[in-house]
Amino acid sequence: MSDTENPLPWLTDRVVGTSYGDLTPASIEKAKTFLLDTFGVGVAGCHGYRIDRIVKVASGWGAGEEARVWVSGETLPAGGAAFVNAYQIHSLEYDCVNEDAVLHPMATLLSAVMAYCERRSRQGRPVNGRDFLAAVVMGVDVSIFLGKASTGPIRFFRPAAAGGFGAAAALAKLEGFDATRMTQTLGNQYGQSCGTLQPHVEGSPMLGMQVGFNARAALAAADFAAEGVLGPEDVLTGRYGYFRLFENDDFDVAHGKAELEAAFQMERMSHKPYPSGRLTHGVVDGLGRLIAAHGFAPDDIATITATVPQLVNRLVGRPDIPEPAPNYAKLCLPFVAGTFLNHGVVDVDEFIGPEKLNDPRTHDFAARVTVIQDDNPSHSAMTPQTIAVTLKNGASHSVVLEAVYGHADNPLSREENLDKFRRCWSRVPQLAPEKGEELIGVVDAFETLDDVADVVRYLVA
């Protein structure tokens, strides 16, 4: 396949032709790992910014009891539930990511597919666990293909726009569409795609809402295709296709294809051990390693220098500001570093309320941070990063990070994954701890489920 050849026929044939039996044990294991992780951050996201008002608006989009909002339990049309649950998943900046593709695929995909499964169950056509896992793994491949085939600087919010393509592909697979109808479903999705980076710059909750818009769009895309309302077909490399417009004509489909052929991309997913932008995690990991290795205290630090690739500098090398909004703070590398040094942890509570966001000690540590862009030519590289400290006594220490904590090459252990899930679950008193433990067991045996919609009863109070 050439660098610019239309990849959709190959991509859709691959999605249609791959069944549960074709998945590797590693891809199944990782699918379960990140299903549990996404369920956990999704229920914790019931505390997302103004979630009550977001649910109120979504409830006014139409009548129909098809799928439920996680935790609060409102029953909405599937598209409305997908929108709200997608927002909840991404609202805390805690959902898993593929670093090379620069996107979070599971928020858009899982919210749409779970709402679809609930609707199917109510229609007497339940989706079983094996088909679900195959659809999710292949949907992740589709969205990550778009990210990995893109070679220029990120211009739009890929978790929303590219994530929507993955969600639409997963739904088309569950609908049993052939490759042609799946391609036309993706055309329907492209006509609804959105996701600007401006909310990222400003720290606006619209960032997570865009994930929701594309999840809702995926359901509409598949519904239209099922009724014979079919979108355009050349939506990636056509004159006005995704790569031309969203990625500014900077793409290499041969590289994207090679990445998918090397491994199911579910195997290359990264956890987010901290509820902040993934690009801020290197400074937390680096400072933690240096403190553990050399035994100095945070107050011993005079200066911190983070030497990082251009992507990190461009998206999170922003200045610390007084009274930051929560989403701004989570996407500000100096503030996140200051949070870690002040509190010793970076968790959900550290970004809630004016007391934490305006803490003078946090901002004092943040003022010691300097972010320097290295000469790495890649527009998508998150590493290597060098984190260096100079102490007040004149001593200097540094560490080079090739794989930041949480990366597929430096992953959370099973126990750490479960600890993160349980901490997220514990943020929702309406959900009994016993339900969370039962859900862990259900996810571990996901392929045995006869009706995936049964999972939602654990996710609502």
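Select helices α1 (residues 8-17) and α8 (residues 179-190): their axes come within 9 Å and cross at roughly 115 degrees, and the two helices are therefore roughly perpendicular to each other. Angles under 35 degrees count as roughly parallel, over 145 as roughly antiparallel, 65 to 115 as roughly perpendicular and the rest as oblique. The axes are lines fitted to C-alpha atoms, for helices over the stretch in contact, with angles from 0 to 180 degrees between N-to-C directions. Helices (H or I, at least four residues) and strands (E, at least two) are DSSP runs, numbered from the N terminus.

This is a predicted model, in which local features need pLDDT of at least 70, side-chain atom pairs count only at pLDDT 80 or more, and totals for chains, interfaces and linings use all residues. Residues are numbered from 1 along each chain as its sequence is written, and side-chain values use heavy atoms, with hydrogens and water left out.

The crossing of α1 and α8 is right-handed; a crossing is left-handed if the near helix is turned anticlockwise from the far one by less than a right angle, and right-handed if clockwise. Display the side chains next: L8, T12, D13, V15 and V16 of α1 are in contact (heavy atoms within 4.5 Å) with A179, M182, T183 and L186 of α8. By class, this contact has 6 nonpolar, 2 polar and 1 charged residues. Here Ala, Val, Leu, Ile, Met, Phe, Trp, Tyr, Cys and Pro count as nonpolar, Asp, Glu, Lys and Arg as charged, and the others, Gly among them, as polar.

Which residues of α1 are buried? They are L8, W10, L11, T12, R14 and V15, where buried means under 20% relative accessible area, exposed over 50%, and partly exposed in between (1.4 Å probe, protein chains only). The buried residues of α1 pack against α6 (129-148), α7 (158-175), α8 and α12 (253-262).

From α7, G164, F165, A168, A169, A172 and K173 meet M182, T185, L186, Q189 and Y190 of α8.

Proceed to L23, in the loop between α1 and α2 (25-44). At 8% relative accessibility, L23 counts as buried. Leaving aside residues up to four places away in sequence, L23 touches T18, I28, L133, A134, V137 and F264.

Select C46 and C424 next. With a disulfide defined as a pair of cysteine sulfur atoms within 2.5 Å, the count comes to 0. The sulfur of C424 is 11 Å from the closest cysteine sulfur, in C46, too far for a bond. Both cysteines count as buried, C46 at 14% relative accessibility and C424 at 2%.

Move to helix α16 (residues 333-343), which is mostly covered, with 10 of its 11 residues buried. Following α16 is G344, whose phi is positive, near 80 degrees.

The last stops concern the backbone. A cis peptide bond, with omega about 0 degrees, joins T383 and P384; P384 lies in the loop between β4 (369-373) and β5 (385-391). R50, in the loop between α2 and α3 (51-59), has a positive phi near 50 degrees and is partly exposed, with a relative accessible area of 43%. N248, in the loop between α11 (242-245) and α12, has a positive phi near 60 degrees and is partly exposed at 42%.
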